[in-house]
Amino acid sequence: AKVFRPLLFSVVCLLCLVMAPSACSSPCFEALSQFDWATTESTDSTHMEVVRPAGLMSPVPVAEAQAVQLLRYEMMFTKTPLAMASYPALAFRLRQASPRLLKASLSAVLAQHPVCAGRLSGTTIALTGDGVPFTVVESRESSAPDVVQEIDLLRFADFRRPRRVAKGLEPLVTVKMTCFRDGSAILAMCRSHALLDGSSAWAFLADWARVARGEKHVAERRTPTLLQALPDDDQLNELANEMLGRPLAGSWMNSAIKAAFPLISPLYDRLFLIGITGDLTRPRVRFSERELARIKAVATPVDGDGWVSTQEALSAYILLTIGKATLPPTSQGRAVATFILDARKALGFQHDDIIGSGLVFLTVGLSGLLQMSLPEVAGALHELAKVELSQEAVRRRWLLVAGAANIGLEFDVMWKARPSNYDICLFLNNQSKRELPDFGEETSGGVAESVLTNAGPTLVLPIKGGVEVFLDQSTLRAAKSSSARLAALEALRSEIPMSDAGVIKDMGAPNSISSAGVGGA
């Protein structure tokens, strides 16, 4: 869905412009084309400074700079639109903030991670020290919002267009801090996915926070054996035959996607940046720790291992609850759950190695969802995960996709391996165990109070006392109307198992449901 929705949306927009060229000169279109969060005039005071690695006064020419070779798998993210998290944001609410101290600590950590201050040059990162743009906005508002809406990332974050990043015209990392009158702030870091995947971004932030607290500096952790990890031709064909049922070969879909992205990405990125694509309006549902514990307790089957993980229990609960609320009784109940998994451990890398594409997508599926109980769904996911989500499965999937990308066939593999023939799906990106950065009491008032990112598809983030789930629209695709969609979201709250007393529901998570356009704020 994340691949073809931008393609379809942009094609429709292009057709509309071609068929109605007079619309391009209309005042409405002209105003729309000029609107951009990054350039909208504001009464807020804004200042931008380029932060370079400590000790470096000016950039090094590309021809003289050291270079770090990237995998073609990593470079894939320079071709895709912003809506596919190719340059995603991580935004944190800070109780207080010192831009001066954050800039100083960023400069120090960039000296240890020079790739983050470099620029792309072909398939390498030139360690030029061009630096990281650090924008400070002095807001006239009284306080940073306690709950940041996804659409507000367009205001708080400094997105850059991936194709310009690929040409070395834009930075690999940007930082923007919006400071409010009471001293609170929203700190947002955007980064190219070609350089930092989700795990790498959190590792970099942890290093930055460690330096800000005055702790020991860290060393660059770009995996030196990354290129050596790629499979040879024989291994790659063996993996393809095993996992795809055929040797790797070029396909019309691979060629079509590669040809389409350069055409649609500029338009779709523009639409994304003005907030009309719908990619930043995912429904949000909160679960407290007590609620998660109750869901897990009820979802744990009495047979088999007699245990399921919290992720398996929550996934089963979401699939079953939304399935019962949206699927017709005659549905076969074909459900798939696709998980984004970190391949570092399976590949023998360090857990915090800096990689642009250290993650893989793996899928498990089951049928008869509507006839199953919550323990049966959770137990089935648990048993399937033992093999289909094992470390060996993760390792082999990463080798297949990375190897295919190395010969230009990554989209062929992704198309062939995509889940199909399902009635309900859940594409889960679980970041609930991430530790919020602590830049120090003097710098940020201690640990960041909350986090928001536009990564996806369905996202799980930590909040105080629980987690927040951002549901991708694909999970709700069976809902035929906005009222059915809202009913499914409300069911996620109303169907939470009762307390031990059997009469009280814990509704302690504030603002439990948020669904732009059909629900609360």
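**Exercise 1. Which residue in E13 stands opposite Phe92, and how many bridges join E3 to E13?**

*Solution.* Keep in mind that this is a predicted model.
- Step 1: start at Phe92, whose opposite number in E13 is Val451.
- Step 2: look at the strands themselves. E3 covers residues 89-94, and four bridges tie E3 to E13.
- Step 3: check the direction, which is antiparallel for E3 and E13.

**Exercise 2. Work out the strand order of the open sheet and find which strands stand at its edges.**

*Solution.* 
- Step 1: list the six strands in order, E1-E6-E7-E8-E3-E13. The pairing is mixed.
- Step 2: read off the edges. Strand E1 (45-51) and strand E13 (450-453) each have a single partner strand, so one side of each has no neighbour in the sheet.
- Step 3: On average, neighbouring strands here are turned by 15° against each other, direction ignored.

**Exercise 3. Take E8: how does E8 pair with E3 and E7, and is E8 covered or open on its faces?**

*Solution.* 
- Step 1: go to E3. Six bridges link E3 and E8 in the antiparallel sense, and Ala89 stands opposite Cys190 of E8.
- Step 2: go to E7. E7 and E8 are antiparallel too, over seven bridges. Cys190 turns up again here, as the bridge partner of Thr174.
- Step 3: look at the hairpin of E7 and E8. Five residues sit between the strands, and Gly183 has a positive phi near 95°.
- Step 4: Seven of the seven residues of E8 pass. On one side these are Ala185, Leu187, Met189 and Arg191, and on the other Ile186, Ala188 and Cys190, so both faces are covered under that cut-off.

**Exercise 4. Which strands do helices H4 and H7 lie across?**

*Solution.* 
- Step 1: H4 (residues 99-112) lies across E1, E3, E6, E7 and E8, and runs at about 170° to E6.
- Step 2: H7 (residues 198-212) lies across E3, E6, E7, E8 and E13, at about 130° to E8.

**Exercise 5. How many residues does the largest nonpolar core have, and which helix gives the largest share?**

*Solution.* 
- Step 1: count the core, which has 78 residues. Among those with the most contacts inside this core are Tyr73, Phe287 and Trp398.
- Step 2: find the main contributor. Helix H14 (residues 391-406) supplies nine residues, the largest share.
- Step 3: zoom in on Trp398. Beyond four places in sequence, Trp398 touches residues including Leu71, Tyr73, Leu226, Leu347 and Gly403.
- Step 4: Glu410, Phe411, Asp412 and Val413 are buried in helix H15 (residues 410-417), and the buried residues of H15 pack against H8, H9 and H14.

Definitions and conventions: Residues numbered from 1 in each chain as written. Predicted model: local features only at pLDDT ≥ 70, side-chain atom pairs only at ≥ 80, totals over all residues. Heavy atoms only, no water. Core = buried A, V, L, I, M, F, W, Y, C linked by side-chain atoms within 4.5 Å. Buried < 20%, exposed > 50% of the residue type's maximum accessible area, 1.4 Å probe, protein only. Helix = DSSP H or I, 4+ residues; strand = E, 2+ residues; numbered from the N terminus. Contact = heavy atoms within 4.5 Å. Pairing = 2+ DSSP bridges. Axes fitted to C-alpha atoms, helices over the stretch in contact; angles between N-to-C directions.
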